Amino acid sequence: MRIPVASPAARRRGARKLAGLISQHRFAVPLMVLLLFVPAFALADSSALVLRGVAGDPEHEQKFEKWTAGTAKALVDKFGFSADRVIVLTDKKTAQAEIQKAFATLKQQLKPLDTFFLFFIGHGSGEDGQYKFNISGPDYTADDYNKLLGTLNVGRIVIVAATPASGASLDKFAGKNRVVITATRSGQEGNDIVFYDYFLEALQGTAADEDKDQKVSVWEAFKYAVAGTERFYKEEGRLATEHPQISDNGTEKTDAKAKEPPLVARSTSFVVDRPIVSSDPKIQTLLNQRKELEQKIEALRINKNSIPAPEYDKQLDELLLQLALKNQEIKQQETQKK
């Protein structure tokens with residue numbers, strides 16, 4: 001049976017009714033965002049660079065290799081990264097020249113809507129507040145890596161510094177559209193870390209997926225790893241020598257007990273979201289239009305603090321209304337096709 005399609009006049013009446021409901025129930029907006037929001041990078045891809053510095057002894061060699069291999073495997077096998085978009089440099093291959101080559105490759109790969117993940121696995125130091133990651137040959141500082149990161153035209157950057165003293169890098173790496181995770185809160189916490197044992201667990205398993213959406217967000221992985229780290233020191237009866245921190249979208253560093261979950265970390269998943277493709281040109285056009293609206297909603301939410309509250313609410317209402325109508329159009333078009 002053919003489903004009748006609403007006339008333009010009826011659709012306008014429905015839109016006005018929906019707009020009225022939105023304005024009358026302002027506190028329902030967050031719920032609507034939750035129901036309608038889809039991560040904005042479904043038309044994007046992801047790349048990663050995993051740097052495993054010089055270990056120095058067999059014990060650390062074994063631990064760092066476990067972390068490195070486990071990370072690369074999870075990115076490709078579980079989260080859907082293309083194998084050629086996960087670059088791994090280990091031990092002597094972490095020399096400055098090799099890192100520069102890796103960034104040259106990444107510069108060619110990454111597009112403005114993509115997400116880039118940078119992992120530091122190994123030893124680090126933070127004397128005088130200057131973070132250094134121990135590589136083969138002269139070490140690069142956080143400033144050096146920032147220069148390399150500045151060559152990338154990419155939407156988001158996620159940095160996971162799994163080293164001692166990594167807290168010294170927070171202020172250097174923090175910035176808009178960046179999430180920075182460190183195993184320690186300062187450059188003075190220089191003992192070996194266990195934080196990445198649990199962060200890797202979050203990547204490899206399903207326990208970190210709190211909202212059960214079949215994805216692990218950066219925020220979920222961080223929270224899971226912090227809980228594991230705290231549990232480790234409590235069970236061992238030891239004074240904690242590492243306090244993991246996170247900086248989101250240029251905000252001040254915080255821990256897993258933040259009252260407001262960091263928006264970029266919460267909305268950035270390790271899963272590579274592939275484009276939604278339809279064989280029907282009309283439906284594909286509608287899908288693309290919906291994606292644009294979703295991207296606008298996320299951008300608005302990220303910049304909420306820089307917009308007057310009344311204007312933010314007005315823009316959000318309008319975008320949510322447009323998104324609801326677009327979903328309705330897609331559903332009608334799909335029904336007609338059956």
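**View 1. Contacts of T184.** Leaving aside neighbours within four places in sequence, T184 is in contact with T163, P164, A165, S166, G167, E189, I193, E242, H243, P244 and Q245. Contact means heavy atoms within 4.5 Å. The model is predicted; local features need pLDDT of at least 70, side-chain atom pairs count only at pLDDT 80 or more, and totals for chains, interfaces and linings use all residues. Residues are numbered from 1 along each chain as its sequence is written, and side-chain values use heavy atoms, without hydrogens and water.

**View 2. The setting of T184.** T184 sits in the loop between strand 8 and helix 7. Helices (H or I, at least four residues) and strands (E, at least two) are DSSP runs, numbered from the N terminus. T184 has 0% relative accessibility, so T184 counts as buried. Buried means under 20% relative accessible area, exposed over 50%, partly exposed in between (1.4 Å probe, protein chains only). A polar atom of the T184 side chain lies 3.2 Å from the backbone nitrogen of S166. A polar atom of that side chain also lies 2.8 Å from the backbone oxygen of S186.

**View 3. Helix 8 and its cover.** Helix 8 runs over residues 218-236 and has 19 residues. At 1.5 Å a residue, helix 8 should span 27 Å, and its end C-alpha atoms are 27 Å apart, which agrees. The expected span is 1.5 Å times one less than the number of residues. Buried residues of helix 8 include W219, F222, F232 and Y233. Among the elements covering the buried residues are strand 3 (115-121), strand 7 (156-162) and helix 7 (195-204). G237 follows helix 8, with a positive phi near 65°.

**View 4. Aromatic pairs around F120.** The whole structure holds 17 aromatic pairs. Rings of Phe, Tyr and Trp (its six-membered ring) pair if their centres lie within 6.5 Å; planes under 30 degrees apart count as stacked, over 60 as edge-to-face and the rest as tilted. F120 and Y131 have ring centres 6.4 Å apart and planes at 80°, so the pair is edge-to-face. F120 lies in strand 3 and Y131 in the loop between strand 4 (124-125) and strand 5 (132-133), so the pair ties together parts 11 residues apart in sequence. Both F120 and Y131 are buried. For F120 and Y145, the ring centres are 4.9 Å apart and the planes at 75°, so this pair is edge-to-face. Y145 is in helix 5 (residues 142-149), 25 residues from F120.

**View 5. An aromatic cluster.** One aromatic cluster is formed by F64, W67, F79, F81, F117, F195, Y196, F199, W219, F222 and F270.

Key: A polar contact is a pair of N or O atoms within 3.5 Å; within protein, one must be able to donate a hydrogen and the other to accept it, and residues adjacent in sequence count only if both atoms are side-chain atoms.
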